[in-house]
Structure formats: C-alpha cells, structure tokens
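Me: I've got a structure open here and want to check a few labels. Could you walk me through them?

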Amino acid sequence: VRASEAMLVQTSIRVGSAKTLYLEYLAAGATFNAALTRDPWGPQYFIVEDPDGNLILFGEEGPNAPKR
C-alpha cells in the first residue's frame with residue numbers, strides 16, 4: 001500500500017464520457033481521490049484509488065483538442 005508515499009497519479013486514461021464512467025464507479029462503491037471535476041478550459045476528469053493505493057485518472061479530451 002502506498003500510504004507512506006507521495007500520492008501521485010500512476011496513469012491516466014482518456015475516455016469518451018468521464019461523467020458516464022464516474023457514475024458507474026460511484027455506483028460500484030469506488031474510492032475517489034478526486035470527484036468529477038471540469039477544468040476551466042473544458043475537459044472533465046476524476047481520479048480513483050485502486051486496492052493497492054495507486055491513483056488512476058480518467059479524463060476526456062478538451063473541446064479545443066486537435067481532432068484525430
């Protein structure tokens with residue numbers, strides 16, 4: 001467990017709808033490090049903590065992100 005270490009995000013995963021996934025994690029009883037948040041420049045994200053204490057960020061592309 002990472003309780004004695006600085007809590008840094010271990011990985012980030014881009015998703016299509018952060019809100020939809022957030023609600024699924026919320027219903028499943030996940031442990032959140034950061035609730036669903038919208039940055040001033042547009043994208044939404046949230047951070048969950050896995051059973052080992054790793055922090056995983058799930059976020060959307062911002063509205064001004066280059067199209068692929």
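Me: What makes this an open sheet, and which order do its four strands take?

Reply: First, a caveat: this is a predicted model, where local features need pLDDT of at least 70, side-chain atom pairs count only at pLDDT 80 or more, and totals for chains, interfaces and linings use all residues. Residues are numbered from 1 along each chain as its sequence is written, and side-chain values use heavy atoms, leaving out hydrogens and water. The order is β1-β4-β3-β2, with mixed pairing. Strands here are DSSP runs of E, at least two residues, numbered from the N terminus. β1 (9-14) and β2 (31-38) each have a single partner strand, so they are the edges, and one side of each has no neighbour in the sheet.

Me: How do you know that β2 and β3 are paired?

Reply: Pairing takes at least two bridges found by DSSP. Five bridges join β2 to β3 (residues 44-49), so the pair qualifies; the two run antiparallel. Among the residues involved, Ala34 has Ile47 in β3 as its bridge partner.

Me: Why is Ile13 called partly exposed?

Reply: Buried means under 20% relative accessible area and exposed over 50%, with partly exposed in between (1.4 Å probe, protein chains only). Ile13 comes out at 37%, so it's partly exposed. Ile13 sits in strand β1.

Me: What is Ile13 in contact with, beyond its neighbours within four places in sequence?

Reply: Contact means heavy atoms within 4.5 Å. On that basis Ile13 touches Ile56, Leu57, Phe58 and Gly59. Ile13 and Phe58 are 45 residues apart in sequence, yet 4.9 Å apart C-alpha to C-alpha.
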